[in-house]
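Please read this note with the model open beside you.

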Amino acid sequence: MLLHDTALIYGRYVRQSLRSRFALLFGLLTPLLYLLFFGPLLTGLPLGGEGSSWQMLVPGLLLQLGLFGALFAGFTVIIENGQGVVERMRVTPVSRLALLLGRVLRDASVFVLQAVLLVLAALVMGLRAPLAGILIGFAFVALLTLALASLSYALGMTVRTPQEFGPLINAVSMPSMLLSGLMLPMTLAPAWLDVLSHFVPFRYLVDAVRDAYTGHYTSAHMLYGVLVAVGFAAAAVTVGTRVFRTAGA
């Protein structure tokens with residue numbers, strides 16, 4: 001029943017996404033602009049890693065898709081709450097876990113598709129990375145999306161207006177981007193900033209994907225990245241499901 005219910009909810013939101021193709025492409029715009037206008041500035045610069053500048057930048061842009069896109073996913077559930085859609089779903093026999101999983105799996109599908117398009121553009125511009133590393137990067141995007149979208153929907157279920165939601169998300173997203181090393185490796189930062197960045201879980205994912213793009217699949221960075229990504233996703237889905245079950249009850 002869980003698989004059946006999840007498929008129903010997933011199909012509903014996939015159809016919504018397909019009716020808004022412009023939004024799918026517009027979500028890719030910001031990382032694509034970084035790729036086009038910021039990437040060439042890094043060419044040939046010593047960035048403290050074994051790979052090329054593209055192998056440093058593209059993994060960060062992939063995770064930026066998940067970070068910013070998934071964190072703002074909760075806006076939709078605020079609108080649905082106001083229209084009574086969520087409440088009508090919750091009075092049906094559909095599993096509460098399915099109500100969340102259907103949504104976050106749709107989000108993961110969308111952002112992985114955008115990640116594929118971004119990598120194709122990066123390959124045209126000069127990125128060279130092993131296929132296994134690229135596929136690992138997509139897996140990390142999916143896990144990050146599952147985690148952050150779950151938390152975003154949970155927050156969207158507990159606040160009443162977008163005016164409350166937006167500042168809370170901005171307060172999380174900007175420090176996370178700056179301290180996780182999305183744009184440049186944190187090894188280039190002063191020692192105190194590098195130490196501080198280790199308290200941001202996204203840093204471990206960025207380091208893991210950069211190692212994957214240089215062909216290092218058994219490094220400590222990869223191990224830490226997998227553990228953090230899987231643990232974070234599991235905890236976030238648990239929190240999100242609990243909120244869907246109890247909010248407004």
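1. Basis. This is a predicted model, in which local features need pLDDT of at least 70, side-chain atom pairs count only at pLDDT 80 or more, and totals for chains, interfaces and linings use all residues. Residues are numbered from 1 along each chain as its sequence is written, and side-chain values use heavy atoms, with hydrogens and water left out.

2. The whole structure holds 5 salt bridges (a side-chain nitrogen of Lys or Arg within 4 Å of a carboxyl oxygen of Asp or Glu). One of them pairs Glu-80 with Arg-12, at 3.7 Å from N to O. Glu-80 belongs to helix H5 (residues 74-83) and Arg-12 to helix H1 (residues 2-18), so this bridge ties together parts 68 residues apart in sequence. Helices are DSSP runs of H or I with at least four residues, numbered from the N terminus.

3. Burial of that pair. Glu-80 is buried, with a relative accessibility of 7%, while Arg-12 is partly exposed at 27%. The cut-offs are under 20% relative accessible area for buried and over 50% for exposed, with partly exposed in between (1.4 Å probe, protein chains only). The charged end of Arg-12 also sits over the ring of Tyr-13, 5.0 Å from the ring centre; the criterion is NZ of Lys or CZ of Arg within 6 Å of the centre and within 35 degrees of the ring normal.

4. Arg-203 and Asp-207 form a salt bridge with their closest N and O atoms 3.0 Å apart. They are 4 residues apart in helix H11 (residues 202-213), which means a separation of about one helical turn. Arg-203 and Asp-207 are both buried. Elsewhere, salt bridges with shared partners link Arg-12, Glu-80 and Arg-103 into one network. Arg-106 and Asp-107 make another bridge, at 2.9 Å from N to O; Arg-106 is buried at 10%, and Asp-107 is buried at 7%.

5. Arg-103. What surrounds Arg-103, apart from its neighbours within four places in sequence? Its contacts (heavy atoms within 4.5 Å) include Ile-9, Tyr-13, Glu-80, Tyr-153 and Phe-244. Arg-103 lies in helix H7 (residues 96-125) and is buried, at 1% relative accessible area.

6. Aromatic rings. There are 4 aromatic pairs in the whole structure. Phe-72 and Phe-75 are stacked, because their ring centres are 5.9 Å apart and their planes meet at 10°. Rings of Phe, Tyr and Trp (its six-membered ring) pair if their centres lie within 6.5 Å; planes under 30 degrees apart count as stacked, over 60 as edge-to-face and the rest as tilted. Phe-72 is partly exposed at 27%, and Phe-75 is partly exposed at 26%. Together with Phe-165 they form one aromatic cluster.

7. Nonpolar patch. Phe-22, Phe-26, Leu-29, Leu-33, Leu-36 and Phe-37 make a nonpolar surface patch of about 650 Å². Helix H2 (21-26) and helix H3 (29-42) each give two or more residues to the patch, and H3 supplies the largest share, 4 residues. Patches are made of residues with over 30% relative accessible area and no salt bridge: like charges are joined within 9 Å, nonpolar side chains (Val, Leu, Ile, Met, Phe, Trp, Tyr) within 5 Å. Accessible areas come from the Shrake-Rupley method with a 1.4 Å probe. Phe-37 is in helix H3 and is exposed at 60%.

8. Ala-229. Is Ala-229 buried or exposed? Ala-229, in helix H12 (residues 220-246), is buried at 3% relative accessibility. Beyond its neighbours within four places in sequence, Ala-229 contacts Phe-140, Leu-143 and Leu-205.
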